Amino acid sequence: MGYACESKVIKPFDFLNIVDTIYDVYEKYSEDDRKAKFSVDITNGTNLMSAAACNTAFFMNSEVYYMMDRRKFE
């Protein structure tokens, strides 16, 4: 679909590791393009991973989505 996607190995029960990993990707791409928009998928993973992703997305001013949400994805 033309979107860049990053996959990283994280420690699923280490909140700071999750936040740092997401934010590192954000910094990498936002340095190249300050107008870049980011989305965070919280579909899979532990509850802690979802909480960390939502927390980080808030500070990145990003959209959070859940693929099983039938309101957005039919």
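This is a predicted model: local features need pLDDT of at least 70, side-chain atom pairs count only at pLDDT 80 or more; totals for chains, interfaces and linings use all residues.

Reply: Residues are numbered from 1 along each chain as its sequence is written, and side-chain values use heavy atoms, with hydrogens and water left out.

Me: How many helices and strands does the chain have?
Reply: The chain has two helices and two strands, in the pattern α-β-α-β along the sequence. Helices (H or I, at least four residues) and strands (E, at least two) are DSSP runs, numbered from the N terminus.

Me: What share of the residues is buried?
Reply: Of the 74 residues in the chain, 26% are buried. Buried means under 20% relative accessible area, with a 1.4 Å probe and protein chains only.

Me: Which residues form the largest nonpolar core?
Reply: Tyr26, Phe38, Val40, Ile42, Ala53, Ala57 and Met60 make up that core of seven. Helix α2 (residues 47-60) gives the most to this core, with three residues. A nonpolar core is a set of buried Ala, Val, Leu, Ile, Met, Phe, Trp, Tyr and Cys residues joined through side-chain atoms within 4.5 Å.

Me: What does Tyr26 touch, leaving out residues up to four places away in sequence?
Reply: Tyr26 touches Phe38 and Met60 on that count. Contact means heavy atoms within 4.5 Å.

Me: New topic: where is Ser39?
Reply: Ser39 is in strand β1 (residues 39-41). Leaving out residues up to four places away in sequence, Ser39 touches Ser62, Glu63 and Tyr65.

Me: How many residues apart in sequence are Ser39 and Tyr65?
Reply: They are 26 residues apart in sequence, and 7.3 Å apart in space from C-alpha to C-alpha.

Definitions and conventions
Buried means under 20% relative accessible area, exposed over 50%, partly exposed in between (1.4 Å probe, protein chains only).
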